[in-house]
Amino acid sequence: MTEAIVAAIAAVTPLEWLAVALAIAYLLLAIRQDPRCWAFAIASSALYFMVFLRAGLVMQSALQVFFIAMALYGWRQWRGTATMAPAPIRRWPAQRHVLAMLAVGLATLVNGALVGQEGAGVVPYADAGVAWASVLTTWLV
């Protein structure tokens, strides 16, 4: 077991370590509500884009483009304007959560089939499922 963990750590490329470090920096700056966090989010996602594309995870690569767009949006929102009020926190009823999960499931099936059909993905359904669940989660945040 220990050998497998050591081998897995050794297999991580310097590019991946840099992406992880930038993602952690993003998180720490976001916790402190420092708008510079968005630059780290963009840089981290750009590196992860390359890592996932090289690994054949098409949807994870596309997800990084979404994360970059959301970071640009977040950066803009955090700059704010004099007329912008903070967004209220809302709770969804259970029915909306179920509908959202069904939508993610349907998107996963369709997207996984399309990516798998083209032979572009290594694990098309897992890749698509993680991507669509991440889109939903990011949108909720």
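What covers the buried residues of α3? The cover includes α2 and α4 (58-79). Buried means under 20% relative accessible area, exposed means over 50%, and partly exposed lies in between (1.4 Å probe, protein chains only). The model is predicted: local features need pLDDT of at least 70, side-chain atom pairs count only at pLDDT 80 or more, and totals for chains, interfaces and linings use all residues. Residues are numbered from 1 along each chain as its sequence is written, and side-chain values use heavy atoms, with hydrogens and water left out.

The chain holds six helices and zero strands. From the N terminus, the order of elements is α-α-α-α-α-α. Helices (H or I, at least four residues) and strands (E, at least two) are DSSP runs, numbered from the N terminus. Of the 141 residues in the chain, 26% are buried. The chain exposes about 9800 Å², and carbon and sulfur atoms supply 70% of that area. Accessible areas come from the Shrake-Rupley method with a 1.4 Å probe; for residues, only the protein chains shown count as cover. Among contacts (heavy atoms within 4.5 Å) between residues at least 6 apart in sequence, 61% join residues at least 24 apart.

Helix α3 has 18 residues. Its first and last C-alpha atoms lie 26 Å apart, close to the 26 Å expected at 1.5 Å a residue. The expected span is 1.5 Å times one less than the number of residues. Buried positions in α3 are Cys 37, Trp 38, Ala 41, Ile 42, Ser 44, Ser 45, Leu 47, Tyr 48, Val 51 and Phe 52. Ser 44 sits in α3 and counts as buried because its relative accessibility is 4%. Beyond its neighbours within four places in sequence, Ser 44 contacts Ala 19, Leu 22 and Ala 23. Just after α3, Gly 56 takes a positive phi of about 80 degrees.

The largest nonpolar core has seven residues: Leu 15, Ala 19, Leu 22, Leu 47, Tyr 48, Val 51 and Phe 52. Two or more of these residues come from each of α2 and α3. Helix α3 gives the largest share, four residues. A nonpolar core is a set of buried Ala, Val, Leu, Ile, Met, Phe, Trp, Tyr and Cys residues joined through side-chain atoms within 4.5 Å. Leu 47 touches Leu 15, Leu 18, Ala 19 and Leu 22, with residues up to four places away in sequence not counted. A second, separate core of six residues includes Trp 38, Ala 41, Ile 42 and Ala 71. In soluble globular proteins, nonpolar side chains tend to be buried together.

Leu 29 lies in α2 and is buried, at 16% relative accessibility. Leaving aside neighbours within four places in sequence, Leu 29 contacts Asp 34, Arg 36, Cys 37 and Phe 40. Leu 29 and Phe 40 are 11 residues apart in sequence and 8.8 Å apart in space, C-alpha to C-alpha. In the loop between α2 and α3 (37-54) lies Gln 33. Gln 33 has a phi near 55 degrees, a positive value in a residue other than glycine. Gln 33 is exposed, with a relative accessible area of 63%.

Trp 17 belongs to α2 (residues 14-31) and is partly exposed, at 44% relative accessible area. Together with Met 1, Ile 5 and Ile 9, Trp 17 makes a nonpolar surface patch of about 490 Å².

Patches are made of residues with over 30% relative accessible area and no salt bridge; like charges are joined within 9 Å, and nonpolar side chains (Val, Leu, Ile, Met, Phe, Trp, Tyr) within 5 Å. A salt bridge is a side-chain nitrogen of Lys or Arg within 4 Å of a carboxyl oxygen of Asp or Glu.
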